[in-house]
Amino acid sequence: MTIDTIIYEKNGALTSIALMKGGNLKEVDIFDGNKAAEGNVYLGKITHKIDVANGRAGYMIDINDGRDAFLNADENGMNEAEYTDGQSIIVQVSQEKRAEKGARVIRGLQFVGTYLVYCPYRMNVEASSRISPLEKMQSLRRLVMENTVGQEGWIIRTAAADAEPDEITDEMLELRRKYDAVRTKARVEAAPCLLYAKPNPLFEYMAANSMTLDKIVVNSRNMEEEIRAEFDGDFEIEVMNEPFKHFGLDEIIFEALEKEIRLKSGGRIFIEETKAFVAIDVDTGDDRGYGSISRLNEDAAFEIARQLRLRNLSGKIIIDFAGSSEYRYMKPVLEILEREVAKDPVRTHVVGLSRAGNVEIIRVRRRPSLSDILSVECPTCKGTGRVEK
């Protein structure tokens, strides 16, 4: 999916970023600077070991995030070491804290650049499958492998296909420096403490959409100067006080918290976030012969793929489409879903049609959903949406 405009607004610790195409909102990301963000590296302190399902174990880690983070003891290399309560350990946030759950952390650090991802101790070089032709991918792998030093691994990102060799080798040096700075700080600081903060997410979105980006709107002159210092791209930068209000994004985001979405055809989609999974129901609504059930489901498939990104819904997603659930009727709907979620930068997999006739999707969870960020559970109904008579 291509993006032509990025709207950036920072108010205190809260940063909001909207990705637009043709004046339409495609994705929104909201970050709280006071919380441990995905990608941040911490010197954590082990508080205690816990037993989880099927004889597995894990560690609760204090990273000064208000709630202990969870570290899976089955992570590669963890079973080779014995950790004790109170011990310091370097970890990276892989999933941010949400609602009732603390963050998840890993020991396998990754430092993300524009062209590469640096993975200390991984010992291999991988490349994005989107790099083509194959000869280009192979030449990039050779370049990175020739400049690899010692025990380290790399992931070559899609953007590397358009980079010059010296840009890639320069970034290798820069990412190594970031890791060295983390190790140096960890030797002198007391846990828990932040060792490395993920760069401003705006820059990552700019790099990912550099080929199609026409305009960036920000609410700070200082941010404008940072952008010009970081990027030398062919795009316009506009500064205004309340860009989200100007573009009507606050209202769109508010609508994204509603459970019901009305389709142009007259049908409706209901989205319910539960602790176990996200339930989505497609209903014919006011559709009275305007079109077939098949057309309604196909329209709903496009909108559902859009809502997954807009609301940042993740984990297990179960969809009950309207009408018959026989595969011959659902095949075109599944094809639309597979095609649309393939555009999602977050790994999303359409599992298929279950025996119960529902469509199942798995979307990797890295950050809280939009509703988790912008709302809290009702103390009266405890999240059921119903109150006592």
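Predicted model: local features only at pLDDT ≥ 70, side-chain atom pairs only at ≥ 80, totals over all residues.
Residues are numbered from 1 along each chain as its sequence is written, and side-chain values use heavy atoms, with hydrogens and water left out.

Aspartate 214 sits in the loop between helix H3 (201-208) and strand S14; helices (H or I, at least four residues) and strands (E, at least two) are DSSP runs, numbered from the N terminus. With a relative accessible area of 49%, aspartate 214 is partly exposed, a class that falls between buried, under 20% relative accessible area, and exposed, over 50%, using a 1.4 Å probe and protein chains only. From C-alpha to C-alpha, aspartate 214 and phenylalanine 235 are 4.6 Å apart in space, although 21 residues separate them in sequence.

Now, in what order do the strands of the open sheet lie? The order of its five strands is S3-S2-S1-S14-S15, with mixed pairing, and two strands pair if DSSP finds at least two bridges between them. The edge strands, each pairing on one side only, are S3 (24-32) and S15 (236-239), and the twist averages 15° from one strand to the next. Strand S2 (residues 14-21) runs antiparallel to S3 and is joined to S3 by eight bridges, and leucine 19 stands opposite glutamate 27 in S3.

Serine 16 also lies in strand S2, and serine 16 counts as buried because its relative accessibility is 12%. Not counting residues up to four places away in sequence, serine 16 touches Ile7, Tyr8, Glu9, Asp29, Ile30 and Phe244.

Across strand S1 (5-11), strand S14 (215-218) and S15 lies helix H4 (residues 221-230), which runs at about 165° to S15; here axes are lines fitted to C-alpha atoms, for helices over the stretch in contact, and angles run from 0 to 180 degrees between N-to-C directions.

Elsewhere in the chain, isoleucine 271 is found in strand S17 (residues 268-273) and is buried, with a relative accessible area of 6%. Among the residues that isoleucine 271 touches, not counting those up to four places away in sequence, are Lys259, Ile261, Val278 and Leu313. The C-alpha atoms of isoleucine 271 and isoleucine 261 are separated by 8.1 Å.

Finally, the protein as a whole. It has nine helices and 21 strands, and its radius of gyration, 23 Å, is close to the 21 Å that the globule rule gives for 389 residues, so the protein is as compact as a globular protein of that length; the radius is taken over C-alpha atoms, and the rule is 2.2 Å times the number of residues to the power 0.38. Buried residues make up 43% of the 389 residues. Cysteine 119, at 1% relative accessibility, counts as buried, and cysteine 193 is buried too, at 13%. How many disulfides are there? With a disulfide taken as a pair of cysteine sulfur atoms within 2.5 Å, the count comes to zero.

Key: Contact = heavy atoms within 4.5 Å.
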